[in-house]
Amino acid sequence: MRSGFDSLKWLIIFAAIVLSTIPHRVMSLNSVSPVCELSVIENDKLYSYSLATPIPNFPHGVLSEDGFYKVATNESVVWFQLCDGMIFNHDPPKCVGCSDCGGPSRCGMYCSALMENNIGGYHVCTTIGQASGIDIKIIDKKNPHAGVIVKMFNTGSKVNCSLSVSVFCDSNNVQGPHSLENSGTCDYATVMRHPSGCAKIAQYHGKGWGWFGTFITIVFCLFGAYLLASTVYRYFILGVRGIDIFPNLDFWTSLPQRTQSLLASLVQKFRGPSQGHRSSYSPVNF
């Protein structure tokens, strides 16, 4: 009985080792990415974006060297900075209601996007993005190289606002932002083109075993569920104790010997009869 327990123990250890070696393909790697960095896998290619990384002619990446971008539409003006908070060395916002973005003396300095609306002749500020609230995703899943969308949002006690900036890949030019669209009560969107919106592309070799690895995983999961359910049933319902609590114990204990016999027969089959075996026919001397 002790040998049967040892055989079962080694079988369980072997199953755990196999499960631990099965690779898993990760389809999206941005769950722990820093701000404005994104990596996605599509068609065995790894697309990596890092908008704030210095590139030739742009030492601050997609960030504006002025400390902010500015876009106006109708009677509204939006200031924003991608991947960081805004800095104003000139042309600061001059609007009331800037308490959650720096206050009157530092208006715009403590958020990533701020809107100014002309309401009844007064310029009123509304924070529509915070540097701590930034989300990034690709524009087109079928064409990851097209660029990314950087969404800044602000959750306040009165209104929930956001600004989405689509950064299209353009390796030769920088354009925008020139227009602003309102897609909700306090949700705005704009578009720009920049070399930082282009991804670095590399081949991804993470398929692993593919369908075979998935099949093996399913088989071992089903086996584990069967073993657990049968053990619980025999323990609580049938009242079985000791080593006999494991289902089909005789089969599992004999499995190593059966496997050894099977391997030996296969080896013998491929090797053919050994020289030590005598032929069933004896030579006849005439």
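Q: Hi! Can we start with Val232: what does 39% relative accessibility make it, buried, partly exposed or exposed?
A: Happy to! Val232 counts as partly exposed, because its relative accessibility is 39%, and partly exposed covers the range between under 20% for buried and over 50% for exposed. Keep in mind that this is a predicted model.

Q: Where does Val232 sit?
A: Val232 is in helix α2, which covers residues 211-236.

Q: Let me zoom out for a second. How many helices and strands does the chain have?
A: There are three helices and twelve strands.

Q: What share of the residues counts as buried?
A: Of the 286 residues in the chain, 35% count as buried.

Q: And the accessible surface of the chain, what does that come to?
A: About 18,400 Å², with 57% of that belonging to carbon and sulfur atoms.

Q: How much of the contact set links residues 24 or more positions apart?
A: Taking contacts with a separation of 6 or more, 50% are between residues 24 or more positions apart.

Q: On to the sheets. In what order do the strands of the three-stranded open sheet come?
A: The order is β1-β2-β12, and the pairing is antiparallel. β1 (37-42) and β12 (200-203) are the edge strands; each has a single partner strand, so one side of each has no neighbour in the sheet. On average, neighbouring strands here are turned by 20° against each other, direction ignored.

Q: How many bridges join β1 to β2?
A: Six bridges, with β1 running antiparallel to β2, residues 45-50. Leu38 stands opposite Tyr49 in β2, and Glu42 has Lys45 in β2 as its bridge partner.

Q: What lies between β1 and β2 in their hairpin?
A: Two residues, and Asn43 in the turn has a positive phi of about 55°.

Q: Changing topic: is β9 mostly covered or mostly open?
A: Mostly covered. Strand β9 spans residues 160-169, and eight of its ten residues are buried.

Q: Which way does β8 run against β9, parallel or antiparallel?
A: Antiparallel, with nine bridges joining strand β8 (residues 147-155) to β9. Lys151 has Ser164 in β9 as its bridge partner.

Q: And β9 with β11, parallel or antiparallel?
A: That pairing is in the parallel sense, over eight bridges, with β11 made of residues 187-194. Val165 stands opposite Thr190 in β11.

Q: Back to Ser164, why does it count as buried?
A: Ser164 has 17% relative accessibility, so it counts as buried, given that the cut-off is under 20%. This serine lies in strand β9.

Q: What does Ser164 touch, leaving out residues up to four places away in sequence?
A: Ser164 touches Ile149, Val150 and Lys151, and also Tyr188, Ala189 and Thr190.

Q: Nice. And Val148, buried or exposed?
A: Val148 is buried, with a relative accessible area of 0%. Val148 lies in strand β8.

Q: How far apart are Val148 and Phe168?
A: They are 20 residues apart in sequence and 6.6 Å apart in space, C-alpha to C-alpha.

Q: Last topic: what is the strand order in the four-stranded open sheet?
A: It goes β3-β4-β5-β6, with antiparallel pairing. β3 (69-73) and β6 (122-129) stand at the edges with a single partner strand each, so one side of each is left without a neighbour in the sheet. Neighbouring strands are turned by 20° against each other on average, direction ignored.

Q: And how many bridges do β5 and β6 pair over?
A: Seven bridges, in the antiparallel sense, with β5 covering residues 113-119. Asn118 has His123 in β6 as its bridge partner.

How values were computed
Residues numbered from 1 in each chain as written. Predicted model: local features only at pLDDT ≥ 70, side-chain atom pairs only at ≥ 80, totals over all residues. Heavy atoms only, no water. Buried < 20%, exposed > 50% of the residue type's maximum accessible area, 1.4 Å probe, protein only. Pairing = 2+ DSSP bridges. Axes fitted to C-alpha atoms, helices over the stretch in contact; angles between N-to-C directions. Contact = heavy atoms within 4.5 Å. Areas by Shrake-Rupley, 256 points an atom, 1.4 Å probe, with all protein chains shown as cover.
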